[in-house]
Amino acid sequence: MATDTAPAVLTIDLGAIVANWRALNALGMTHETAAVVKADAYGLGAAPVARALADAGCRTFFVATAGEAFSLRNTLPDATIIVLGGLFQGAEADYAAHAIVPALSSLAEIAAWTTEARRLGRPLPAIVHLDTGMSRLGLDARECDILSRNHALLDGLDLRFFMSHLVSAEVADDPLNQAQRSRFLARLARLPKRPASLANSSGMFLGPDFGFDLARPGAALYGVNPTPGRPNPMRPTVSLRARVLSVRDIPAGATAGYNATWTAARDSRIATIGVGYADGWSRAHSNAAMAYFDGHPLPLVGRVSMDLTTFDATDRPEIQPGDWLELLGPNRGVDAAAAAAGTIGYEILTALGARYDRVYSPA
Ligand SMILES: *Cc1c(COP(=O)(O)O)cnc(C)c1O
């Protein structure tokens, strides 16, 4: 619950996250809709988010790191938990003990996991990640060719599916999407027959050709628009409200904040909140973002400081210390805030700070 002294309250709507998962599922694109809950569910809290999604019927969860997987295992004893970062060296026994599924990213990882399976004398669950264009993780063309000519390299694994990842899924008409899909299909044709997974959030909106067997949405669950340039089909899931700490009148010609990057063109009233870049409220919002009071926009003026941010409240003289300004919410979505700061909604969410008072509305 919000305490009397919280400088800011972040409200996370678990019901909206579940509704977004159901809506993605209802697209009918794919056999199974998983949930990507890496980076603490994009900053919103992996444990409460995953629990709500599991209660709604989600069975497969993706995380980025081994640590995220072990911690999620405490929350979800029975779910399938897949580590996108792959099999971390030396972590084989811990993965096996906690039934964590690595997205095997190279022939070396396949070898390490099959060795562990032999050591334990039982098949170990795995998925195999193919690189079709990202050039970060996954078997490259050469490794894929070696595997194609020697399927026995997978012996000892309970191979669940093959996955790859789209470079430009949010740009619907980017020819890279079709090129990657064709490359993926060509490689799958030479590998053991298994289900396949290609689509992230935006990939789920590229049409049924991109659905394959399992989709891996993350951002869309959390309300980021998976179809940039078109209306957002997802429900917003977060609101961030900050308390006004101070209101002061300054004369025309006075400046606000570090380096005096904003000068009052008229006698002005400045409202200061206790949120700054240490809270993930990026310095890139300086002189660019907006807050809302009672539905009215207040421009952010001057530089964002570490713990404080100033707004021009001249046109809202009723604002008093203790009032709340909306930084994210119905008037200002995550995507709009991101655009003003020159970034993407993903970064706005994953940066959400540890000092906020967090309130979860139930699913
Ligand atoms: C993060 C990630 C996803 C989820 O992507 P969204 O765009 O957030 O839906 C899916 N697959 C992989 C490999 C990822 O790294």
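Mentor: The largest cavity holds about 50 Å³ of space, and in this predicted model the count comes to one cavity of 30 Å³ or more. Its lining is made by Leu240, Asp279, Gly280, Trp281, His285, Leu328, Ile348, Leu352 and Tyr356.

From the cavity we can turn to the open space. The largest pocket contains about 730 Å³, and of the 33 residues that line this pocket, Lys38, Tyr42, His165, Asn200 and Tyr346 are the closest to its centre. Helix 2 (38-42), helix 9 (334-340) and helix 10 (345-350) each contribute at least two residues to the lining of the largest pocket.

The aromatic pairs deserve a separate look, and their count comes to five. One of them joins Tyr95 and Trp113, whose arrangement is edge-to-face, with 6.1 Å from centre to centre and 75° between the planes. This pair links distant parts of the chain, because Tyr95 sits in helix 5 (residues 92-97) and Trp113 in helix 6 (residues 107-120), 18 residues apart. Tyr95 has a relative accessible area of 0% and is therefore buried, and Trp113 is likewise buried, with a relative accessible area of 0%. The rings of Phe184 and Phe212 have centres 5.3 Å apart and planes at 65°, and the pair is edge-to-face because an angle over 60 degrees is what that class requires. Phe184 belongs to helix 8, whereas Phe212 lies in the loop between strand 9 (196-197) and strand 10 (214-215), so this pair ties together parts that are 28 residues apart in sequence. Both Phe184 and Phe212 are buried.

Leu188 has a relative accessibility of 15%, and because buried means under 20%, Leu188 counts as buried. Between Leu188 and Gly28 there are 160 residues in sequence, and their C-alpha atoms are 22 Å apart in space.

Gly86 is found in the loop between strand 5 (80-83) and helix 5, and, once neighbours within four places in sequence are left aside, Gly86 is in contact with Tyr95, Pro102, Ala103 and Glu109. Gly86 is buried, with a relative accessible area of 0%. The C-alpha atoms of Gly86 and Leu107 are separated by 12 Å, although the two residues are 21 residues apart along the chain.

Notes:
Residues are numbered from 1 along each chain as its sequence is written. This is a predicted model: local features need pLDDT of at least 70, side-chain atom pairs count only at pLDDT 80 or more; totals for chains, interfaces and linings use all residues. Side-chain values use heavy atoms; hydrogens and water are left out. Buried means under 20% relative accessible area, exposed over 50%, partly exposed in between (1.4 Å probe, protein chains only). Rings of Phe, Tyr and Trp (its six-membered ring) pair if their centres lie within 6.5 Å; planes under 30 degrees apart count as stacked, over 60 as edge-to-face and the rest as tilted. Helices (H or I, at least four residues) and strands (E, at least two) are DSSP runs, numbered from the N terminus. On a 1 Å grid over the protein atoms alone, a cavity is a set of points where a 1.4 Å probe fits but cannot get out, and a pocket is an open set with protein on both sides within 12 Å along at least five of seven lines; lining residues have an atom within 4 Å of a point. Grid points are joined across faces, edges and corners, and a volume is the space filled by probe spheres set on the points. Contact means heavy atoms within 4.5 Å.
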